[in-house]
Each structure stands twice: as C-alpha cells, then as structure tokens.
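I opened this structure for the first time today and kept short notes. They follow in the order in which I looked things up.

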Amino acid sequence: MDKLKQLSSDQLESFNTEYVNGELWDAVVNFIDRDFITGEFTFLDIGGGNGMFTDRILAHYPKSHAILLDNAKNLIEINKENPRKKIILDSVENLETYLSVNHVDIVFINWVLHHLVSNTYRQTRQNIENTLKVIRSHRDVHYLAIFENMYNGIWFDNLPSRLIFQLTSFKPAKMLMKRMGANTAGVGVSFLSMKKWMSIFDALFGRGSYQRVDFGLWNVPLIRKLFLHIKTIHMSLFWINNNSSPE
Ligand SMILES: C[S@@+](CC[C@H](N)C(=O)[O-])C[C@H]1O[C@@H](n2cnc3c(N)ncnc32)[C@H](O)[C@@H]1O
C-alpha cells in the first residue's frame, strides 16, 4: 500500500465525537442481533478513534470482545480502559499483522476508508481496495460493517468525489478550503458516490453479499451543490457477508 497521509492532531481532534447514535445505532444492533444470536463475538474497530462506538458495543453485548486500532495518538489516549478491549496504536497499513494473530468475527471500518489518502486519486482508490482485500482474504472474519458518506453527482456520478479530492489535497488552497469547512484541507479526502462504493463491494465481495441501510439526505447549500456538482449526500451502512461466494 502507498504511504498514507495523516491529518494533523488539530484536525483529528474534530473526530472526538460520537458518530453512531439514534437510527444509525439501531441499524447496527439489528444486524448484530440477527447474525450473532448469542451476543458472543469479537470485533475489530478500525479507526475506532476515541472508542465511544467500541465502548457502546461492549456495554450492549457483555459477552463481546473488542480490538480497537487507530493511528491517532491523541484519540487513542482518551480511550477508556476495559478488560474486554485491546487498544492498538497503529495504522491500517499493518492490518494484516493483527488479523493474522487475532480471531475476529466482525470488522467495523466506519468513516475511515475515505481517509486512506496518498498523493494521487488513483493511489488513494487503491488504498481503499487493498484494505478491503486484506479483510476479504481472512475468511474467518464473518462480517464487515462500513458506514460511509455517499456523495452523488448531478450528471457525472463520481465527479464530486474527484473535485473534493483535488481541492482538499491541493496544499496552496489549504486555508481557503479550511474556511469553506473542509476539515481535511491540505491532506485530502476521498468520498465516493453510492454507485462507486457498490461497484467496489460487488467486485470484491460479490453481488448480493451485502445489505445496505440508507439514512436521510443532508441539507447542502445550493452554492456548494453547484460548485461541487453534488446532487445528494447521505450516509449508508453496508453490512457485508465476508463468506458469501461471488456471483
Ligand atoms: C471520521 S473518524 C471516525 C471514527 C470512528 N470510526 C467513529 O465512527 O466514531 C476517522 C478515524 O479514522 C482514523 N484513521 C484515519 N486514518 C487511519 C489509518 N491509516 N489507520 C488507522 N486509523 C486511521 C482517524 O484517526 C479517526 O479516528
């Protein structure tokens, strides 16, 4: 995998929040309850940051065990200790090491794939696919859960993704992008359209290998929509069966 860029600690600090709550949390619980009836499982939370999501799963499922992996020192440090939680400060670039020595039933990678940024859009897309391939190769991992933001274009489906990547990774525009609200200014971010995410998952895990839950459309100011060629933005959860045979 190409060397990944990392956000500054100030930028990472903005991730010190709880993302999975309300209907997002309910969607996760529905899948777990259906597929792990006994509530006994081990999960790996890649990019688990401050640990709020991991802690909530551990509290809800007292027979579960967690491994949290994140390369942000400032977020790892604020994690609460728990005898059922192993905390690892490292990058997803070394994922293979951890999957080969730990048995994991569910991998969560929530709002992380779009941060696996290298110098070019092409390399960045490769990073996303290579990470998914590592998980795919571990067939003892039963499910992969992914929350992502879907940026869908007006005429050209994935154009917002390319525009946002170019603008946020263009260092001279860092201050301007920051003022426009891009937390990833100067580093880059790779949001994809829903069709693009689905084509990646179809190709790697097989058509019909996942279920998707879509959440409400975001209110995006018209000027931003026009500037970035955005038709709609919404969040989706993909619950992928890692053992399905590709069609
Ligand atoms: C938007 S936050 C999501 C946090 C968490 N998954 C959640 O849903 O609450 C992105 C997280 O990915 C982590 N991250 C980004 N690049 C990473 C990498 N190469 N290896 C491990 N973690 C990474 C960041 O440090 C941050 O905690």
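**Ligand shell**

I began at the ligand and found 20 residues around it, the closest being Gly47, Gly49, Ala72, Val92 and Asn110. I counted a residue as near if its C-beta atom, placed from the backbone, lies within 6 Å of the molecule. The shell divides into 12 nonpolar, 7 polar and 1 charged. Here Ala, Val, Leu, Ile, Met, Phe, Trp, Tyr, Cys and Pro count as nonpolar, Asp, Glu, Lys and Arg as charged, and the others, Gly among them, as polar.

**Source and numbering**

I noted that this is a predicted model, in which local features need pLDDT of at least 70, side-chain atom pairs count only at pLDDT 80 or more, and totals for chains, interfaces and linings use all residues. Residues are numbered from 1 along each chain as its sequence is written.

**Whole chain**

I listed 10 helices and 7 strands in the protein chain; these are DSSP runs numbered from the N terminus, helices being H or I with at least four residues and strands E with at least two. The C-alpha atoms fill a box of roughly 50 × 40 × 35 Å along the principal axes.

**Sheet**

I traced an open sheet of 7 strands with mixed pairing, in the order E3-E2-E1-E4-E5-E7-E6. E3 and E6 (210-217) are the edge strands, each pairing on one side only. Strands count as paired if DSSP finds at least two bridges between them. E1 and E2 run parallel and are joined by 5 bridges. One residue I looked up was Ile46, whose bridge partner in E2 is Leu69.

**Helix H3**

Which residues of helix H3 (residues 52-60) are buried? I found Phe53, Thr54, Asp55, Ile57 and Leu58. They pack against strands E1 (42-46), E2 (65-70) and E3 (85-89).

**Ile128**

I placed Ile128 in helix H6 (residues 121-137). Is Ile128 buried or exposed? Ile128 counts as buried because it has 22 C-beta neighbours inside 10 Å. Leaving aside neighbours within four places in sequence, Ile128 is in contact with Leu113, Leu116 and Ser190; contact requires C-beta atoms, placed from the backbone, within 7 Å. I also checked Ile128 against Gly49: they are 79 residues apart in sequence and 18 Å apart in space, C-alpha to C-alpha.

Terms used:
Buried ≥ 20, exposed ≤ 12 C-beta atoms within 10 Å, placed from the backbone. Contact = placed C-beta atoms within 7 Å.
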